[in-house]
Amino acid sequence: MPYDFREGDYVRSTNKIYFPLGVGRIQKIRGNQCKVQFDPYVFSKPPYISENKILSLSELEKIYTPLERFEMEYLDDSWKFEAKTVAARLLTANMGGQLSNARTEILPHQIFTAYKVVSSSIRRFLLADEVGLGKTIEAGIIWQALHQRGLANRTLIICPAGLTIQWQEEMKDKFGVFFEIYRRDFNANYPRIWDLKHYVIASIDTLKRKEHKETLLENRKWDIIIFDEAQKLSAREYESGKTEKTYNYRLAEDLKEYCDCLLLLTATPHQGEENHSRFRNLLKLLSQDVNFKDIPGCEDNGGTIPFYDLILRTPKKSVTDSKGKKVFKGRKTHRLPFVMYEDERNFYHAVEEYIRTGYNMLGRIKDKKKKMAVGFVLTIFQKMNASSVHAIKSALQTRKEKLLKPLQKQENETEEFWDSRFQGENEAKEIEKNQQFIIENEIDMIDSLLKMSVNKDKKLDTLFRLIERIDKEAPRKEKEKILIFTEYRKTQEYIVSKLEKKYGKGSTTVIHGGMKLENTMDEKEEIDILWESLQKKGAMQASTAKKTSQRLFWEHENVRFLVSTEAGGEGINLQCSHIVVNYDSPWNPMRKEQRIGRVYRYGQDKVVQIYNFYNQGTIEEKVQSYSEDKIGRAAEAISRVTHEDPEDIIAALNGQLEVQFNPEEIYSRTLVEGTLNKQTQLELNEAIERAKRACELAVTSLFKNVTSYSFNDYKTDLATDLTLNNLEDLIKLFLKKHHRQIQEIDDKIFSFITPDVLEQYKIDKRYKFVTFDREKAIKRGDLDFFALGHP
């Protein structure tokens, strides 16, 4: 139909190239062409900028205003107006990503933080949520909110080497985007390769090297750079005026201007030093114009930005669900002391003597690399000796077989991509690589250890007595689900075999580093069929993925136990249980917190019960008891000031201790000397005191004025009455009006054929498995999750 176009008319292009720009307004007309200005509006796609185009009048259609349409009696069906109104409301309600298609629970404090970052004109923040609140997911939600606005097309995530694969899995699993890992998925053999990459994860241990950093800096800027574990970006000042900057810090310093958005992630931004230098220098990466005058002992340096304006922090006590109810119901830790049987004790001390002799012989090894490698093997033996007889005997047998083989040349291997979640399992593999004799007649000594008979296991007996107690006292009695953690696969195999012997195959499932994350076929399978395979083959032989084991543990009443290595300490949600048993305890206290975090999280409706084994009279028990007693007293002291639960304060202190001392040095020294001497006690005391000071500073001054989530602010500024149910109703209405049936093929799972009117948008012609339910989408990765962000 011909139109009489005038300047000021609203128009839309019929040309496929310009049609996505939507409705524009004619600015000038010259001959058969015109200049049209397209301004962003609620249905625009990013980037949200005004654009001017010279278009042919023959390729334009006139868009009449509502008043003009009314005068012409050209009215749409009422349902179209209602549908557009709901669609517009859904888009504007998604300010913090609460209606996004992220496959994760989205809590109000995460929405609040995402909105603060997205709505800020200068997006440079330290994200400092307390330990256990999921900083990776929160950063992902911020990333997705920016990405949906066209502000995150080039993203670089920099993290410790051991976290690269975890970040990759989380971003793919939760947000549907594959991030390439530098030096694993691609190499920058030519500098300009960086320019072609959009979503990259890189190890800080790689990028800080001169050759890699220079190549990176030769290329164009990034939209977002995220530094994880930002407490490791350390620059310390001394009284002399000298500033000691680590290579990590220098990398961040060089990259800080190479991005529009810079996010630093850490739960422990302050390490407790009295001059606050590392904390101040960390914030200077975000802005040089920052003022620290509100920190005790710091002078007014003339900066215009108060330091707390650069920090977003949510304390655990403030976290709520969307109705304002507290998420964390509390936790309680129990010690399970036991004394080994005589044959166990004899074997334990004999292995201990072998390890002690080895430590004492390290001085004879001149080659530094060989000395480190042998020392590492001895450290692993020490941990395994505390884990189980089965684990250490298996390791000794492997050691003997390796020593008997002809000396093999070791390839130069890189540790850039070892996964820190599988630390114990990776350590066990290291034993297979080392052929360096530690002591004379080592094979004879190993033979004598392997011949020692150990017929009973007091730790296992204590575990069974605990289960019997749970069966009598817990709310669900013998139906109560129990999560058991160990560092080593051999200990896992041993525990599983004993549980299946007592409670039958099908009672137990596992998670370990040798399993892939998910199996789409398993996700579609009936739970009883999956369980039948588990019952037939047993947990160690059944071919399942981590998410399949998670599902069996959640959904099948016969699966009572999940025995996991550290592979279940991150990224797996197990709130169906409120009982965590640490069969062995990681030397790094933060590892234990990550285990507990699998059940102590959103959706947990009970007080979490944590059980830790203490092998009385051993080196491990001496160190753990001493340090945990000190930590407990420090938490009580802080609690009297903050009125927080001491258990939650212990979690924060454990997070601090990760950067305060080296547990390997403490344990190995105590083993060699046979006692926890005064010097070692002093080191522990000082580390705990620094951690305590950092926690006290966080509450009393450091984070007192930072932007922090509160439910009242969320309810006032961000909460919406719209949910994904409204989106579901909208799509069902649209399909009905375009004569398409939507079939519910399973609970909350639908199938439909796409209406022809949407053909131009290049989406699938048919959707076979669709859900609008976030919980269902989290459990089943094969489903199309229809929420904002889906094509």
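I started with Cys 695, which is buried at 10% relative accessibility (buried means under 20% relative accessible area, with a 1.4 Å probe and protein chains only). The closest cysteine sulfur to that of Cys 695 is in Cys 298, 19 Å off and too far for a bond. I was working on a predicted model, where local features need pLDDT of at least 70, side-chain atom pairs count only at pLDDT 80 or more, and totals for chains, interfaces and linings use all residues. Residues are numbered from 1 along each chain as its sequence is written, and side-chain values use heavy atoms, leaving out hydrogens and water.

Next I looked for disulfides (cysteine sulfur pairs within 2.5 Å) and found zero in the structure. Cys 261 is in none, with the sulfur of Cys 259 the nearest at 7.0 Å. Cys 261 is also buried, at 2% relative accessible area.

Then I turned to Ser 751, which sits in strand β24, residues 749-753 (strands are DSSP E runs of at least two residues, helices H or I runs of at least four, numbered from the N terminus). Ser 751 is buried at 4%. I saw its side chain reach the backbone oxygen of Tyr 767 at 3.4 Å. Residues making the contact include Tyr 359 of α10 and Leu 671 of α23.

Technical notes: Contact means heavy atoms within 4.5 Å. Buried means under 20% relative accessible area, exposed over 50%, partly exposed in between (1.4 Å probe, protein chains only). A polar contact is a pair of N or O atoms within 3.5 Å; within protein, one must be able to donate a hydrogen and the other to accept it, and residues adjacent in sequence count only if both atoms are side-chain atoms.
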